[in-house]
Amino acid sequence: KRGIIVAIDGPAGSGKSSVARLVAERLGIAKLNTGAAYRAVALLALREGVDLGDGPALGGLAGRVALEPSGVLVDGRRVPEEELRAPEVSAAASRVSAHPEVREVLLPVQREAAERARRAGGAVVEGRDIGTVVLPGADLKIFLSASPEERARRRALQTGREQEVERIRRAILERDRQDSERAVSPLRPAPDAAVIDTTGMGLEEVVEKVVGLVRATD
Ligand code: C5P
């Protein structure tokens with residue numbers, strides 16, 4: 001469907017990234033990963049020794065981040081996916097994202113990226129607050145969930161760290177807590193989101209379900 005915007009939100013390990021990528025491929029539209037923008041701010045803070053508690057300084061770093069369907073840019077240069085995915089960057093991203101100064105700067109960055117993608121054919125936009133705050137007018141809102149055990153297992157398999165499921169489970173629970181308890185844009189389903197509990201579901205099954213919901217929109 002040309003010009004459609006699909007918002008996919010959910011906690012860490014809910015399968016958002018894989019589902020967003022495959023749904024976008026299936027529909028032939030762009031995909032935007034907004035978590036990568038928060039991760040880029042975290043990476044900059046770690047590299048440049050900026051305190052993860054210093055909201056105004058982190059807001060300044062956020063001004064150097066751009067978002068595109070192909071990935072995230074810092075100072076105009078693409079940041080490799082592996083650098084953004086490091087566990088210390090994940091933990092720092094969750095802290096960084098709680099600062100209103102950071103969210104304020106990244107809000108128009110995300111909206112403008114989504115608008116460009118919409119005009120170019122449409123987009124699947126994934127994150128934590130896409131349906132609630134960033135794009136409340138999205139044509140379809142999906143909220144993916146799964147039990148913490150299942151999410152930890154998926155993350156461990158995905159990253160080849162099968163021995164560390166328990167440690168990953170604790171890290172995921174800590175991020176869930178920070179992301180849902182923060183005052184600004186906490187992680188929660190939009191009132192009009194379709195909530196899909198993916199515990200026990202295969203990836204392909206979830207993708208089919210979302211594509212079906214897209215086809216059912218008018
Ligand atoms: O989705 P991903 O795990 O890459 O996101 C990294 C972190 O960025 C999340 O833990 C969350 O704190 C933050 N985030 C956010 N709002 C978004 C996307 C991500 O606060 N829309």
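View 1. A nitrogen atom of the ligand lies 2.9 Å from an N or O atom in the side chain of aspartate 129. A polar contact is here a pair of N or O atoms within 3.5 Å; within protein, one must be able to donate a hydrogen and the other to accept it, and residues adjacent in sequence count only if both atoms are side-chain atoms. An oxygen atom of the ligand is 2.8 Å from an N or O atom in the side chain of arginine 103, and a polar side-chain atom of arginine 39 is 2.6 Å from an oxygen atom of the ligand. On its own the ligand has 460 Å² of accessible area, of which the protein covers 99% (Shrake-Rupley method, 1.4 Å probe; for residues, only the protein chains shown count as cover). The model is predicted: local features need pLDDT of at least 70, side-chain atom pairs count only at pLDDT 80 or more, and totals for chains, interfaces and linings use all residues. Residues are numbered from 1 along each chain as its sequence is written, and side-chain values use heavy atoms, with hydrogens and water left out.

**View 2. The shell around the ligand.** Of the 16 residues around the ligand, Arg39, Ser97, Arg103, Arg128 and Asp179 come nearest (a residue is near if one of its heavy atoms lies within 4 Å). The shell divides into 8 charged, 5 polar and 3 nonpolar residues; Asp, Glu, Lys and Arg count as charged, Ala, Val, Leu, Ile, Met, Phe, Trp, Tyr, Cys and Pro as nonpolar, and the others, Gly among them, as polar. Helix 2 gives the most to this shell, with 3 residues. Helices (H or I, at least four residues) and strands (E, at least two) are DSSP runs, numbered from the N terminus.

**View 3. The largest cavity.** The largest cavity has a volume of about 30 Å³. On a 1 Å grid over the protein atoms alone, a cavity is a set of points where a 1.4 Å probe fits but cannot get out, and lining residues have an atom within 4 Å of a point. Grid points are joined across faces, edges and corners, and the volume is the space filled by probe spheres set on the points. Among the lining residues are Asp9, Lys141, Phe143 and Arg188. Strand 7 supplies the largest share of the lining, 3 residues.

View 4. Glycine 71 in strand 4 is the bridge partner of glutamate 68.

Conventions: On a 1 Å grid over the protein atoms alone, a cavity is a set of points where a 1.4 Å probe fits but cannot get out, and a pocket is an open set with protein on both sides within 12 Å along at least five of seven lines; lining residues have an atom within 4 Å of a point. Two strands pair if DSSP finds at least two bridges between them.
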